[in-house]
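Dear colleague,

Please find below the structure that I am handing over to you, together with its sequence. My findings follow after it.

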Amino acid sequence: MPNLRRKLPSSSSLFVFEAAARCGSFTRAADELCVSQPAVSRMLSRLEEHLGVQLFERTRGGARLTESGSILYRRVQEGFSTIESAISEIESRATGFETVTLSVSTAFTTHWLMPRMSRFSQRFPTVDMRYQLMSGRIGGPLVDVDLGMRYIDQGSLQATDTWGLPEITLPVCHPHYLQQVLRGAGRKQSPTLICMDDQDRGWAQEFGASGRLENAIVFSDYAVVVQAALLGQGVALGWLNVVSNCLAKGELVPAADRLRVTSRRCCLVTPGNRPLRPVVENIRDWIIEEMRADIARVDALYPHLGLAARVDSGV
């Protein structure tokens with residue numbers, strides 16, 4: 001640590017550097033740190049002079065890290081994350097509660113996690129759960145979270161990725177909609193498709209929908225897509241990791257006897273730059289355990305789909 005102090009003009013320079021690198025702008029970093037932009041610029045110039053390297057390329061409207069800056073930023077992020085985790089652990093020991101932040105979709109949270117929160121609270125009574133929610137497709141890096149759900153190609157799995165389920169989809173609808181519209185006498189009414197705004201709708205052709213899909217309801221949030229299906233508004237493509245609980249309870253039913261299984265995996269991912277706390281590991285394992293229980297219940301209701309076998313084999 002004495003060596004580190006000699007290598008830096010001041011300890012505060014690392015906080016200024018981290019903010020500027022993350023924001024990509026000296027001005028935005030200054031706003032975040034509640035100082036002036038010239039003060040940030042002077043501090044970073046002093047840091048560059050002290051280290052003898054250029055950390056930023058000043059660009060019009062911002063600042064871009066150089067190769068040396070990227071190396072330093074990566075290590076500073078790791079160090080700050082470790083310190084933050086240590087402080088959180090100390091605070092947890094003092095209060096008796098541990099904060100865990102989960103990066104998931106609004107759909108998974110609304111339709112899978114919330115219905116079983118009482119069981120979660122019984123299992124983890126001292127956990128203060130926080131959420132980083134995504135309304136559309138889930139993806140992107142894990143930033144300031146402990147655990148995330150991501151779809152990952154099988155060949156891209158990392159050591160910190162825990163396999164949950166293959167990516168399995170099937171058309172779903174309300175039981176009443178299945179009987180009255182899809183199986184009604186003569187099928188006089190074309191099915192209404194409930195879709196995401198950027199979703200490939202090729203799956204809908206088996207319902208006899210026209211290529212123009214006049215009977216489509218389009219949303220940007222998959223949680224709303226599932227909710228519309230629950231309200232009997234039409235047929236939606238159901239991602240199993242989201243709709244398994246609804247299928248197990250009979251709130252939704254398969255609208256067709258066809259599953260799609262891709263090469264991607266629904267994984268629970270932990271950030272590589274943050275230590276894996278025991279409570280996070282236990283929550284991860286609980287989610288997988290609950291997913292598996294849902295699959296068993298759905299498989300018992302619809303054995304002809306061969307769901308359990310597809311999950312076990314991943315094909």
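In which helix is the place of leucine 51? Leucine 51 belongs to helix α4, which covers residues 37-51. Please bear in mind that the model is predicted, and that the values in this message were computed from it.

When residues up to four places away in sequence are set aside, leucine 51 touches Lys7 and Leu72.

The largest pocket has a volume of about 460 Å³. It is lined by 17 residues, of which Gln77, Ser81, Glu84, Asp144 and Asn273 are the closest to its centre. Two or more lining residues are given by each of the elements α2 (12-23) and α5 (67-95), and the largest share, 5 residues, comes from α5.

What is the make-up of the lining of the largest pocket in nonpolar, polar and charged residues? The lining comprises 8 nonpolar, 4 polar and 5 charged residues. With regard to domains, domain 1 (1-89) and domain 2 (97-314) each contribute at least three residues to the lining of this pocket.

Yours sincerely

Technical notes: Residues numbered from 1 in each chain as written. Predicted model: local features only at pLDDT ≥ 70, side-chain atom pairs only at ≥ 80, totals over all residues. Heavy atoms only, no water. Helix = DSSP H or I, 4+ residues; strand = E, 2+ residues; numbered from the N terminus. Contact = heavy atoms within 4.5 Å. 1 Å grid on protein atoms, 1.4 Å probe; cavity = no way out; pocket = protein on both sides within 12 Å on 5 of 7 lines; lining within 4 Å. Points joined across faces, edges and corners; volume = space filled by probe spheres on them. Nonpolar A, V, L, I, M, F, W, Y, C, P; charged D, E, K, R; others polar. Domains from an automatic or database assignment.
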